[in-house]
Structures are given as structure tokens and as C-alpha cells.
Amino acid sequence: MAGASPLHLLLSFLLLVLMAAADQCHDDDHAALVAIDTALGSPYHFASWTPDSACCDWYDVDCDADTGRVVGLRVYQDTNMSGIIPDAIANLTFLETLTLHHLPAISGAIPDSLVALSNLSELTISYTGVSGPVPSFLGALTALTLLDLSYNSLAGVIPPSLADLINLSSINLRRNRLSGAIPSLLLSKSPDGAYLQLSHNNLSGIIPTEFATVNFSYVDLSRNTLSGDATCLFGAQKAIQHLDVSRNALNFDLSDVEFPEQLTYADLSHNAIRGAIPAQVATLDGLQQFNVSFNRLCGAVPTGGNMSRFGRYSYLHNKCLCGTPLTACRQRPVGYLH
């Protein structure tokens, strides 16, 4: 490169170094990936993980373009991959995203070694045979924004330590075997638009009143044994778009409740909710799904607005609801005194 200035030569050298870093991952990351492959019996899924190729080019592996460090490991849909979650994953110390999805033959507990992944932002272990508890050490992963442990066989309680995570905005623990109460401060420190999915478990107790201050956009607590009041989730100015508390044992008066104005989906069915359906429901233009069947509601179904979207199924098996699309409400006789 005749005539090139020293600065130009230096910049060219640095560019070559960065390109080399992006082409082949760090020795420690390479060793960790090889150990993961070995621990899982070198499955065909990792056929691209060969010594003659840079590990940043391996299938399921993502590297940072500048440093060459492994920041993502995403393993999807392999019914033949078996074994336990390898401890060697914890040696990928720059990992930001870990996804183990639809691996039904992966079993055992979530290893404590994962506490070393201090940079982890998204953790997904879903549709697997993983069992044991939801680990309390997850509360130490302070960079975590998303936690998805759905469709597993996890048991025990939801660890209160999850409430310590100030960046966590999405929790999905649906379809496990979890029991006990919902931690009162869960997602209380989360940014706007919190997402909480705890359906199809054995959770009991009340819905925490502290949820009144959480800016949820999506809440699904269905198919548990939760009891008491759910009004903390309601309020006209709340940002909730999807609300499902169906198939619990909730018991509160719906009459004076204000539904969130942005609501698109509301399922309150199969509880012991009493009172009347607020007329305000008819003004929710975006509401596409509304179900209050199998409760103890009374009075006339609101009319006008969006109410023509909802058929009889939305209101069946209540104490004394009446009016379209149900049977007509009885007229009180002249001179009737309440």
C-alpha cells in the first residue's frame, strides 16, 4: 500500500482485526459450544458445528459483529435432541439471548450454573420436558427483559426474586404445574407495556392489589384457582389490551368497574362474579372478544355500540342476565315497589 499514511495503515489494520473477530468467535466461546455439543451427544441438529468452519457461522449461533463474541444461542424444534441443559452454556459469558424451544426430550432441572450469564436479556426455555422449580437465581440476572418458561413441567412457587428485576417486562410461565400465590410485587418495577401470562397452572390466593400500579398491556391468569377481587386490573386509563381471568374462583362486583378503553379481548367467564355488566362496555370500539358466561351476573345486557358483536355464548349461565341476545327482560308491573 505505497504512499499510504500511517493513520490509514492503522485504520486498515483495525478493520482487518474486526473482520477477523466477526469471522471466528473467541476461543472460550468455541470451547463452550463444543462442550455443549458433546454434552448433548453431538446431535444431527449441530451438524454445521465442524472444526473447519468459524463457529460464528454455525447454525443457531449469533455473534456480535464487532467483538466476535457469542451473544445468541437459539435452538429450535428438534424432537430427537435429548439430555439435560448443559452447564457449559454458562461459559458463554457474553450471551444475551438463550432460546431452547420445542425440544421435548430435553429434561431435568434448569441448572444453577446459568446464574453466570450476567448479560442475558432474553431467556426462553419452552415446550420441553424440563422439570423442577423456577429457579430463584433468575432474580440475579439483572439484564433480563423477557422470561419464557412456558409449556414445561415446572413445579413449586413463582420465586419472589423475580420482582427484583427492574428491566423485566415479559413473563410467560403458562402450562406448568406451579402452585402457591402470585408474588405481590411481580413486574412492579417493569417498564410500560408489561406482559404477564400465568395460565394453566395451580396458582391460588388473590390477584395482588399491587397490580393496580403496573402498566400491563397483556394479562392472562386463566385456569388457576385464584379467588377474591380482580378490580385492580381494571380502569379506563389502563393500557391493557388483552385480559383473561377466566376459569378461576374470582368473586367481586362488576357493576361499577371501568373497563380499559384500549381493551380488545376480555374473558371473565367461569368465576363467581356478581352485579351487572357496566354500560361502558358498549363504548369500547376495539373490543373484539367479550365473555362473562358462567358467573352470577344480573340485569340487562348493555345495548348499542359494539354489543352486536357478541352472541348468547358470551352471557350464558348467569344468575339473571336478560335482554338481547338473551331473553327479554321482564317488565315490572305498574305500581311495583322495589
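Me: Which cysteine is joined to Cys25 by a disulfide?
Reply: Cys25 is joined to Cys55, with an S to S distance of 1.5 Å. A disulfide here is a pair of cysteine sulfur atoms within 2.5 Å. In general terms, a disulfide is a covalent bond between the sulfur atoms of two cysteines.

Me: What kind of model is this, and how are the residues numbered?
Reply: This is a predicted model, in which local features need pLDDT of at least 70 and side-chain atom pairs count only at pLDDT 80 or more, while totals for chains, interfaces and linings use all residues. Residues are numbered from 1 along each chain as its sequence is written, and side-chain values use heavy atoms, with hydrogens and water left out.

Me: What is the average pLDDT of the chain?
Reply: The average is 92, and 91% of the residues score at least 70. The term pLDDT denotes the predictor's confidence in each residue, on a scale from 0 to 100.

Me: Where does pLDDT stay under 50?
Reply: That applies to residues 9-22, for which the model has 11 contacts beyond four places in sequence. A contact means heavy atoms within 4.5 Å. Where pLDDT is low, the predicted coordinates should not be read in detail.

Me: Back to disulfides. How many does the count come to?
Reply: The rule of sulfur atoms within 2.5 Å gives a count of four disulfides. If the bonded cysteines are numbered in sequence order, they pair as 1-2, 3-4, 5-6 and 7-8.

Me: Is the link of Cys25 and Cys55 left-handed or right-handed?
Reply: The link of Cys25 and Cys55 is left-handed, with -70 degrees about the S-S bond. The pair connects distant parts of the chain, 30 residues apart: Cys25 is in the loop between α1 (6-23) and α2 (27-39), and Cys55 is in the loop between α2 and β1 (61-63). Helices (H or I, at least four residues) and strands (E, at least two) are DSSP runs, numbered from the N terminus.

Me: Cys25 and Cys55: buried or exposed?
Reply: Cys25 counts as buried at 8% relative accessibility, and Cys55 counts as buried at 2%. Buried means under 20% relative accessible area, exposed means over 50%, and partly exposed lies in between (1.4 Å probe, protein chains only).

Me: Which cysteine forms a disulfide with Cys56?
Reply: Cys56 forms a disulfide with Cys63, and their sulfur atoms are 2.1 Å apart. The torsion about the S-S bond of Cys56 and Cys63 is about -90 degrees, so this disulfide is left-handed. Cys56 is buried, at 11% relative accessible area, whereas Cys63 is partly exposed, at 21%.

Me: And what about Cys322 and Cys329?
Reply: Cys322 and Cys329 are joined by a disulfide with an S to S distance of 1.9 Å. The torsion about the S-S bond of Cys322 and Cys329 is about 95 degrees, so the disulfide is right-handed. Cys322 is buried at 14% relative accessibility, and Cys329 is partly exposed at 30%.

Me: What does UniProt list for residues 26-64?
Reply: An unreviewed UniProt entry lists "domain: Leucine-rich repeat-containing N-terminal plant-type" for residues 26-64. UniProt positions are given in the numbering used here, feature names are shortened, and annotations may be inferred rather than shown by experiment. In the model, this span is 33% helix and 8% strand, and its end C-alpha atoms lie 11 Å apart.

Me: New topic: which residues touch the most other members of the largest nonpolar core?
Reply: They are Leu73 and Leu233, in a core of 90 residues. The elements that each supply at least two residues of this core include α2, β2 (70-76) and β4 (97-108). The most comes from β4, with four residues. A nonpolar core is a set of buried Ala, Val, Leu, Ile, Met, Phe, Trp, Tyr and Cys residues joined through side-chain atoms within 4.5 Å.

Me: What is Leu233 in contact with?
Reply: Leaving aside neighbours within four places in sequence, the contacts of Leu233 include Ile207, Phe211, Phe216 and Pro260.

Me: Is the peptide bond from Thr324 to Pro325 cis or trans?
Reply: The bond from Thr324 to Pro325 is cis, with omega near 5 degrees. Pro325 is in the segment after β20 (320-322).

Me: What is the phi of His102?
Reply: Phi of His102 is near 55 degrees, a positive value in a residue other than glycine. His102 lies in strand β4 and is partly exposed at 30% relative accessibility.
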